[in-house]
Amino acid sequence: MHLVTFRLNGDERALAVEPRRTLLHALRVDLNLTGTKKVCDMGDCGACTVLLDGRAVYACLTLAVDCEGREVTTIEGLAHGSELDPVQRAFVEADAYQCGFCTPGQIMSVTALLAEQREPSEEEIRRAVSGNLCRCGAYQNIVKAGQRAAELYAATSNSPDDEARVNGKQPAGIGTGGRR
Amino acid sequence: MSILHVERQSSKDGEEQYTVQETPMAPAWAPDAGLRVVGKPIPRVEGDLKVTGRAQYAYDVRLPGQLYARVLRSPHPHARITWIDTSKAEALNGVRAVLSRANAPDVSWFQDTHLFEERVRFVGEEVAAVAADSEEIADDALRLIEVEYEVLPFVVDAEAALAPGAPKLHQDGNLDGEPKEYERGDVHGSFGQADVVIEQTYVTQAALHNCLEPHGCTATWEGDRLTIWDSTQSIFDVRQEVATRLGLPEHHVRVIKQFMGGGFGSKQIAWKHTAIAALLSKQSGRPVQLMLDREAENLAAGNRNPTRQRVRLGAKRDGTLVFVECDAIMAVGAFMVGGEASDVDGPYQTLYRCPNVKTRQTAVYTNTGPAVAFRAPGYVEGAFGLESAMDELARALEIDPIALRLKNYSPIDQQSGKPYSSPEGLRRCYEAVVERFGWTDARKLDPRPGEHPIAGSKRRGIGFAAHDWIGGAGHPPGYAWVKLNADGTVDVVAGTHDIGTGSRTGLLQIAAEELGMPFEKLALHLGDTAYGPYAPVSSGSATQATIGPAIQAAALDAKRQLFEAAAPMLEAAPHDLELRDGEVRVKGQAGRKLAVSEVLGKIQPHMIQGHGSRGPNPEDKTIHTFGAQAVEVEVDVETGEVTIVRVVAAHDCGRIVNPLMVDSQVVGGITQGIGFALTEERLVDLGRGVVVNANLEHYLVPTMLDVPEIVNVHVDLPDPIANPTGAKGIGEPPLIPTAPAIANAVYDAIGVRIRQTPLSRQRVLNALAEPRTNGTSQNRGGQR
């Protein structure tokens with residue numbers, strides 16, 4: 001077992017894990033953060049997308065021991081209490097989901113994009129979530145949600161990037177497809 | 001709700017049958033009724049849970065001491081297990097329970113099979129199961145289980161399985177019963193009357209549901225009471241099956257499903273995993289979570305049966321159909337699981353007016369994973385054959401494909417002779433698609449197939465297809481309770497499910513409308529066998545049309561009681577009262593009113609509870625749902641790539657309760673249709689019987705980049721004959737016509753007909769490379 005220490009949604013966490021344990025498994029089983037979903041467990045679907053130092057990554061392809069000293073943000077880390085984050089609000093307004101199982105991953109990919117690009121084009125939004133499968137076929141509304149989220153951020157002149165700086169996080173990287 | 005009358009019917013096959021008549025449904029909302037809540041694009045009520053990760057799926061249940069289970073599966077398509085030793089697995093540190101043929105109770109399951117079969121019939125069939133402290137330990141334990149197999153001959157192709165001497169899957173052979181046959185008129189005798197005959201064979205593939213949340217559950221016991229969080233479309237069926245098979249009384253089994261990560265039909269039955277988890281939990285004394293991994297999900301959790309359809313259409317020179325004939329063979333896999341109901345023959349019998357129709361469908365066992373319903377089972381496959389053939393007929397006759405369909409329009413259900421409840425529904429869909437797509441101008445632009453280069457190697461084409469569907473009508477039984485709380489809020493309770501379609505929201509809109517209460521004052525509770533009345537499986541696009549009218553009736557019942565309570569308070573007769581915006585008012589007298597909370601406050605702690613049940617469908621009408629889609633494609637003749645440029649759809653689902661959610665269903669169904677048409681195919685190695693793409697890397701479901709602009713034109717044709725809400729289902733229909741519309745567009749683009757799904761790049765290139773015997777614009781299908 002290895003002891004790994006990292007920041008998770010703003011809080012310092014320490015975990016003892018087997019070297020083979022993925023970040024996805026550590027989040028879902030060891031930390032009971034089940035918002036991050038397991039679907040393929042091999043980097044094909046994007047349902048487990050989280051932010052690692054501000055970049056979108058697949059948690060199933062990230063070993064927990066590799067997170068030492070790093071900043072992990074999951075879907076549970078976006079809302080402030082009961083107040084939804086703009087990307088979350090946009091997904092509700094645009095009906096950008098059906099069963100909702102891929103939704104956390106989609107939202108994390110869009111969040112990573114908006115941290116990098118405040119006024120994304122439609123094509124940039126499509127590219128940002130092209131590594132996130134949605135079997136219900138909500139893609140059209142996911143694009144609308146991405147556009148709506150950008151509007152909401154513009155209205156509050158507050159981007160995920162600004163929030164990251166306020167919280168003392170690293171600036172966000174490029175959020176495309178989630179592969180490191 | 002209450003039973004009014006029970007009548008004994010003439011017994012069939014010596015079995016007693018009874019019809020049950022329950023309290024009537026509410027009066028129908030008029031088609032032009034000015035509804036306030038129904039028809040509004042209200043966002044999903046559970047949205048905040050889904051976007052914060054707090055929605056709890058079966059996969060997300062976490063109980064103290066919970067174990068994680070994994071299943072050992074057969075590596076052989078057909079084998080007899082001669083020896084199994086699990087002792088090394090049992091000895092592994094962290095392993096809490098192991099189940100196999102050696103120690104499992106003898107529980108019968110699908111057809112003539114058992115929970116753990118001695119004779120496995122497909123790669124992926126359950127051999128043993130382990131529950132351990134972690135998934136990793138359970139995986140380690142699976143590798144320690146020793147099994148000896150006597151490998152048996154196998155067959156994975158349906159036609160090969162029918163050949164003499166083919167390996168037999170079951171005692172009676174490889175036929176699932178007698179072929180299903182249907183005939184009206186005289187097809188053979190009418191051959192001579194046809195001026196043109198299309199005779200072709202169409203092939204559809206095995207498609208995999210690939211729900212993102214796999215099948216699975218979490219099971220735990222408290223004494224002799226079992227609770228299961230199952231990823232299912234039917235909590236009551238799971239309860240009944242598990243209780244019956246494991247010998248438990250039903251009231252000691254509770255099944256919960258609040259959220260489910262996709263089902264598409266594959267979760268409409270009780271699968272083995274639920275019983276295995278329950279037994280592992282019993283054995284270990286701990287809660288057990290058993291979720292299938294992605295490979296198992298693709299091997300052993302259902303598929304759309306592959307088909308081969310031999311089709312003959314005969315028509316007069318003016319397009320009038322003379323006969324329709326289809327002989328379909330479908331591979332149902334290793335055994336029947338009880339949720340197939342795949343009517344490939346359905347569209348051939350009803351979509352077009354035709355006096356002479358003959359169909360036959362033969363279901364064949366093969367050494368592959370069992371088939372199960374997949375969003376409009378049978379009709380997706382059948383529509384591909386029929387609607388491709390209709391396009392070929394239109395080409396042969398040089399008639400516009402939509403004009404040909406209108407020529408053969410049927411306002412009656414020709415199976416039963418009854419008129420449809422919405423006889424103009426399909427016509428309205430045709431009209432809506434023609435207008436929005438700009439079909440007439442688009443056709444003028446490119447009258448000849450295969451001759452529309454747009455740039456370099458790209459060719460443009462347009463295609464059309466229509467559909468009908470037996471689902472979407474809803475049916476009894478279905479129940480609901482409406483409880484009015486003292487503070488003026490409302491609890492609506494039903495035993496049904498929201499499988500991702502938006503039922504929570506759409507059903508609440510029905511309740512708010514009938515009650516006259518503000519939408520935000522209502523909450524819907526569903527998905528729990530312990531705390532709601534019985535509801536049937538959420539399948540067949542039926543939930544809104546089955547449970548909606550029951551909720552409407554319950555709301556009306558609650559409102560009636562509320563008026564009884566308010567009458568003395570307002571010094572008016574109950575029938576002079578109305579409920580608007582949360583207030584009980586004396587009709588026509590603006591000042592005389594009481595808030596609902598005031599009325600209820602005066603009678604508490606008594607409370608008002610309305611009960612409602614779903615009444616029968618009309619006996620003299622057939623309720624179908626209909627739709628039409630037009631597609632524009634670009635085909636690259638050098639790479640074989642088909643790009644969908646745009647899709648325009650129109651579907652008759654009766655009254656639109658929530659346009660936001662109807663649009664999502666239509667767009668989502670078409671997206672799955674694009675996958676079915678172009679990329680999705682379970683590939684089985686014929687020599688080894690192994691599925692080679694049981695994952696999301698090589699089984700290609702559509703991504704964001706594969707989906708074009710999809711427009712859903714709202715037909716919004718309330719159907720008060722179908723049920724008092726006027727709403728029918730829309731879950732399955734959008735998928736049905738997409739693949740043939742795309743195939744017809746590809747023909748239009750390249751002038752070569754591809755009669756097999758998916759229209760992969762390889763198939764497009766192969767088709768282009770074939771010598772063209774009839775020229776590019778001629779029918780290739782045997783013009784007489």
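**View 1. Chain A, with 57% of its 180 residues buried.** Buried means that 20 or more other C-beta atoms, placed from the backbone, lie within 10 Å of a residue's own. This is a predicted model: local features need pLDDT of at least 70, side-chain atom pairs count only at pLDDT 80 or more, and totals for chains, interfaces and linings use all residues. Residues are numbered from 1 along each chain as its sequence is written, and chains are lettered from A, with ligands numbered from 1, in the order in which they are written. Chain A has 6 helices and 5 strands. These are DSSP runs, numbered from the N terminus: H or I of at least four residues for helices, E of at least two for strands. From the N terminus on, the order is β-β-α-β-β-β-α-α-α-α-α.

**View 2. The largest nonpolar core, with 300 residues.** Such a core is a set of buried Ala, Val, Leu, Ile, Met, Phe, Trp, Tyr and Cys residues joined through C-beta atoms within 7 Å. B:Ala511, B:Ile742 and B:Val746 have the most contacts inside it. Helix α14 (residues 543-570) of chain B gives the most to this core: 12 residues.

**View 3. Helix α3 (residues 135-144) of chain B and its buried residues.** B:Glu135, B:Ile137, B:Ala138, B:Ala141 and B:Leu142 are buried. They sit on the same side of α3(B) because they cover an arc of only 155° around the axis. The arc is that of the directions from the helix axis to the C-beta atoms. Their cover includes β3 (67-73), α2 (87-91), β5 (95-100) and β7 (126-132) of chain B. Contact here means C-beta atoms, placed from the backbone, within 7 Å.

Key:
A residue is buried if 20 or more other C-beta atoms lie within 10 Å of its own, exposed if 12 or fewer, and partly exposed in between; C-beta atoms are placed from the backbone. Two residues are in contact if their C-beta atoms, placed from the backbone, lie within 7 Å.
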